[in-house]
Amino acid sequence: MIKTVEWTDEGVRVIDQRKLPHEEVYLLLRTPEEVAEAIRAMIVRGAPAIGVTAAFGLALGVKRSSALTVEELETEFEAFCQLMARARPTAVNLFWAIERMRRAWAEARRRNLPLPLLKEWVIQEARNIYREDIETNWRMAHHGATLIPDPARILTHCNTGALATAGGMGTALGVVRAAVLMGKRVHVYVDETRPFLQGARLTAWELLKERIPATLITDNMAGYMMYRGLVDCVLVGADRIAANGDVANKIGTYTLAILAKEHGIPFYVVAPISTLDLSIASGEHIPIEERPAIEVTHINGRPIAPEGIAVANPAFDITPHRYVTAIVTERGIARPPYPESLSALAAQPDVAQAPAAERALSGDAPPSGSS
């Protein structure tokens, strides 16, 4: 299993996704500031991975704090939360993880835990978030694999594998892995995903490691592949999903959805429940991150555009729900009308989290989990 992010005694260990596929480099992040910068700089990327890493960053801040009282640590903890929230604006998993860590803090305070136990409680919650992400991957993969025909030619966008999560099956690419484990014959067409090339650098790397048949294409080849009848379905992830089923995902997803609709090809979104943002009615309310111009004008530090040219670099776009065939989550598959189906899935108890929650309420020991 790829170790995207993990908790260690020395700090948070992450694989530097900027270096792939040519170098497999791991970094040890020793402060919350380093963790936030790793998220901002896309050393860590992918909505679930961002959430897990942010939780570890908050836990790291609590662990390393020299505060002498709970009140002093509480002030520091809130500053760490605000630091993490500024790292990237679109992926709702980041804010979900921060709020969950805040709830863990509030529960520890409610129990009036002394400072050492309060620290352990918060740290253990971050470890629970990690463990549950791995479990969630498997459950999403199981549900999604039922949608894949045999044989299947699957088009993907960006990276939605283990690198986009805590290191498990992945989201959309996890569905591909599960289909292969079921014995289905698949071939993956990998969008390169300009400008950061997550498909060419990361998805292609993961598929080669797994020996899953794959072909790399440029983003603007996707329509032609569909026209030739070479695509049976499209699988993408998501960074935020609105209550009506509108999907924010890596720039270029909207284009693929329109092309899939025109060619009568199913368009599936695979994302955990933590990616749902039912507080917003539609994608119009999702903030879109604008990335630095150098990502468009340069590749590997080398300029490919004339100096001084104006650049637009939105990191994400919004795919309206009318183009989405189904949304796969760990709790099941949502289909239109999405306001009803997504709300119903969100209301279900999370079986992966229930045991930890029950243990947390059974006594003063922090909720158990493993890293």
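The lining of the largest cavity divides into eight nonpolar, eight polar and four charged residues. That cavity belongs to a predicted model, and it holds about 180 Å³ of space. Of the 20 residues that line the largest cavity, Arg45, Gly46, Ala47, Asn159 and Asp239 are the closest to its centre. Two elements, α2 (47–64) and β9 (247–250), each supply at least two residues of this lining. Helix α2 gives the most, with three residues.

How many cavities of 30 Å³ or more does the count come to? It comes to two. The second largest cavity has about 60 Å³ of space. Its lining includes Met42, Pro195, Phe196 and Gln198. Lys250, Ile251, Arg291 and Glu295 also line the second largest cavity, and so do Asn313, Pro314 and Ala315. By class, that makes six nonpolar, two polar and three charged residues.

Now turn to the open space. The largest pocket has a volume of about 570 Å³. Which elements give two or more residues to its lining? They are α10 (294–297) and β12 (298–299). The lining of the largest pocket counts 20 residues, and those nearest the pocket centre are Arg18, Phe196, Ile299, Asn300 and Gly301.

Four strands form an open sheet in the order β11-β8-β9-β14, with mixed pairing. Strands β11 (276–277) and β14 (316–319) stand at the edges. Each has a single partner strand, so one side of each is left without a neighbour in the sheet. Strands of a sheet pair through backbone hydrogen bonds, either parallel or antiparallel. In which sense do β8 and β11 pair? Strand β8 (residues 240–242) and β11 pair in the parallel sense, over two bridges. Within this pair, alanine 242 stands opposite aspartate 277 in β11. Strand β9 has a place in this sheet order, and β9 also supplies at least two residues of the lining of the largest cavity.

One residue shows the packing up close. Alanine 178 lies in helix α6 (residues 172–181). Is alanine 178 buried or exposed? With a relative accessible area of 9%, alanine 178 is buried, because buried means under 20%. Which residues is alanine 178 in contact with, leaving aside its neighbours within four places in sequence? They are Ala141, His142, Ala145 and Met169. Isoleucine 148 is 30 residues away from alanine 178 along the chain. The C-alpha atoms of alanine 178 and isoleucine 148 are separated by 9.7 Å.

Last, the whole chain. The protein has 12 helices and 16 strands. Its radius of gyration is 20 Å, close to the 21 Å that the globule rule gives for 371 residues, so the protein is as compact as a globular protein of that length. Taken along the principal axes, the C-alpha atoms fill a box of roughly 65 × 50 × 40 Å. Of the 371 residues, 58% count as buried; alanine 178 is one of the buried residues. Consider the contacts between residues at least 6 apart in sequence: 75% of them join residues at least 24 apart.

Technical notes. Residues are numbered from 1 along each chain as its sequence is written. This is a predicted model: local features need pLDDT of at least 70, side-chain atom pairs count only at pLDDT 80 or more; totals for chains, interfaces and linings use all residues. Side-chain values use heavy atoms; hydrogens and water are left out. Two strands pair if DSSP finds at least two bridges between them. On a 1 Å grid over the protein atoms alone, a cavity is a set of points where a 1.4 Å probe fits but cannot get out, and a pocket is an open set with protein on both sides within 12 Å along at least five of seven lines; lining residues have an atom within 4 Å of a point. Grid points are joined across faces, edges and corners, and a volume is the space filled by probe spheres set on the points. The radius of gyration is taken over C-alpha atoms; the globule rule is 2.2 Å times the number of residues to the power 0.38. Buried means under 20% relative accessible area, exposed over 50%, partly exposed in between (1.4 Å probe, protein chains only). Contact means heavy atoms within 4.5 Å. Ala, Val, Leu, Ile, Met, Phe, Trp, Tyr, Cys and Pro count as nonpolar, Asp, Glu, Lys and Arg as charged, and the others, Gly among them, as polar.
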